[in-house]
Amino acid sequence: MASFNFSSRDDYYHQLSAQIQQKFQDNRQTSEVFDRKNRWRKEIEDLVKTLYPSCRLVLSGSSTNGFGSIHSDIDLVLCFEGAAVTGPSMLRRIESLFASNRRRFQTEVVPHLM
């Protein structure tokens, strides 16, 4: 039968937890990074509004829930006031805006219909 030294296992988990915490602290999203992400959100929103004037883009995901890092992507939710055309054709039109208006950031349209 195996014998475990709980003291050393507890020490291992304590050290691992401390390393994870330090990694998070070293790489957490700064207010400057958040502000930059929000400026990008606004820039993308202004572009999409050329097709859908009543839309707005909302920053979501790790950028807003406190788990964002300096390297996190930006999750955006496209919202409309009132009725809106939804589906693949709408996403293709929005995606074509990015193809014809090159930006300094990469975009990927990922449909997530609820």
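## What counts as a salt bridge

A salt bridge is a side-chain nitrogen of Lys or Arg within 4 Å of a carboxyl oxygen of Asp or Glu. By that rule, the structure holds three salt bridges.

This is a predicted model, where local features need pLDDT of at least 70 and side-chain atom pairs count only at pLDDT 80 or more, while totals for chains, interfaces and linings use all residues. Residues are numbered from 1 along each chain as its sequence is written, and side-chain values use heavy atoms, with hydrogens and water left out.

## Glu45 and its two partners

Let's start with Glu45, which pairs with Lys42 in a salt bridge of 3.9 Å, N to O. Glu45 also forms a salt bridge with Arg41, where the closest N and O atoms are 3.4 Å apart.

Glu45 and Arg41 sit four residues apart, about one turn, in helix 2 (residues 31-48); helices (H or I, at least four residues) are DSSP runs, numbered from the N terminus. Lys42 lies in helix 2 as well, three residues from Glu45.

Glu45 and Arg41 are both buried, meaning under 20% relative accessible area, with exposed being over 50% and partly exposed in between (1.4 Å probe, protein chains only). For Glu45 the value is 8%, whereas Lys42, at 36%, is partly exposed.

Now follow Lys42 to Asp46: their side chains meet in a salt bridge of 2.7 Å, N to O. Lys42 and Asp46 are four residues apart in helix 2, so about one helical turn separates them. Asp46 is partly exposed, at 38% relative accessible area. Through shared partners, the salt bridges join Arg41, Lys42, Glu45 and Asp46 into one network.

Methods:
Helix = DSSP H or I, 4+ residues; strand = E, 2+ residues; numbered from the N terminus.
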